[in-house]
Amino acid sequence: IFSYSNSFCSSSFVESAILGNLESQLQLGFYYKKGKDKDLLKSYYWMKMAAKQGHPLACRFIAQAHLLGKGASKNFDLARKWFLVSAKKGDPHSMYTLGQCLAKEGKPIESAAWHQLAHEYGNENAHDAYTTLIKKFDEEENVKLSERVKKIRLSISKFFIIILDLSLTIVPLHLLGLKGLIGVTANFLESKFKIGPCADKL
C-alpha cells in the first residue's frame, strides 16, 4: 500500500525502485508524471519497470504513453499490446480502449467482446460502443461473439486494484462483492492521475 505525493521524491524510493520494489517504482512513475520535477521520460521508465512486474495500472500507463507518444515512441502496436496486458488483469479502461483499437483494425467481433467486458467491469462508455458494433452482426457473428467473450472472460485475472483513502492495494476480485466497485476505482484513478481512457484521441 502506498500514498502518492506530487511534491516529494525521496532518494530512498529510487534505491528501493532500483532493487525492484513495485511500490517505489509506481511512486516514482506518478511523481515524474505530475510532480514538481515533471519528466515524462523518467515517468515512463519507472512505470515500465512496474509494468514488467505485471501491475495493471502501470501497464495501462505504458499503453497510453505509446498511443499518444508522450514520454515514449508513438507506436500503435505497442499500445495495443500493453492495453491487452492490462485488460487481462481486469482493468476496465484498458478493455474499453483495446476495443477501440481493435475496431480501428477492422476486428469488430474482438472489439465488441472487449467492449462488452469493459461494460461488465464498470466502464460507462463501453455500452454504447458495444451496441453500435453488434447492430451490424448477423446470427453467426453473434454466436462467435458469445464464444469469444466466454474465452476472454476465463483469461482475465481474479485480482484488481482497489483504493482505500489515497492508498492502493491489490485484493482478490471475488472478495469485492460488487463489480461496480471496479468502475469506481478506475474512475478515481483516471481523475487523480489523468491516465483514463483516451480512445477519443485515436
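The protein in this predicted model exposes about 10,300 Å², with carbon and sulfur atoms supplying 54% of it; the areas come from the Shrake-Rupley method with a 1.4 Å probe, and for residues only the protein chains shown count as cover. Of its 202 residues, 47% are buried, meaning under 20% relative accessible area (1.4 Å probe, protein chains only). Among contacts (heavy atoms within 4.5 Å) with a separation of 6 or more, 55% link residues 24 or more positions apart.

There are 10 helices and 2 strands, taken as DSSP runs numbered from the N terminus (H or I, at least four residues, for helices; E, at least two, for strands). Along the sequence they fall in the order α-α-α-α-α-α-α-α-α-β-β-α.

Now for helix α3. With 13 residues (40-52), α3 should span 18 Å at 1.5 Å a residue, and its end C-alpha atoms agree, being 18 Å apart; the expected span is 1.5 Å times one less than the number of residues. After α3 comes G54, which has a positive phi near 95 degrees. S43, Y44, W46, M47, K48, A50 and A51 are the buried residues of α3, and their cover includes α1 (11-18), α2 (22-34), α4 (56-68) and α5 (76-87).

Residues are numbered from 1 along each chain as its sequence is written. Local features need pLDDT of at least 70 and side-chain atom pairs count only at pLDDT 80 or more, while totals for chains, interfaces and linings use all residues, and side-chain values use heavy atoms, leaving out hydrogens and water.

Definitions and conventions
Buried < 20%, exposed > 50% of the residue type's maximum accessible area, 1.4 Å probe, protein only.
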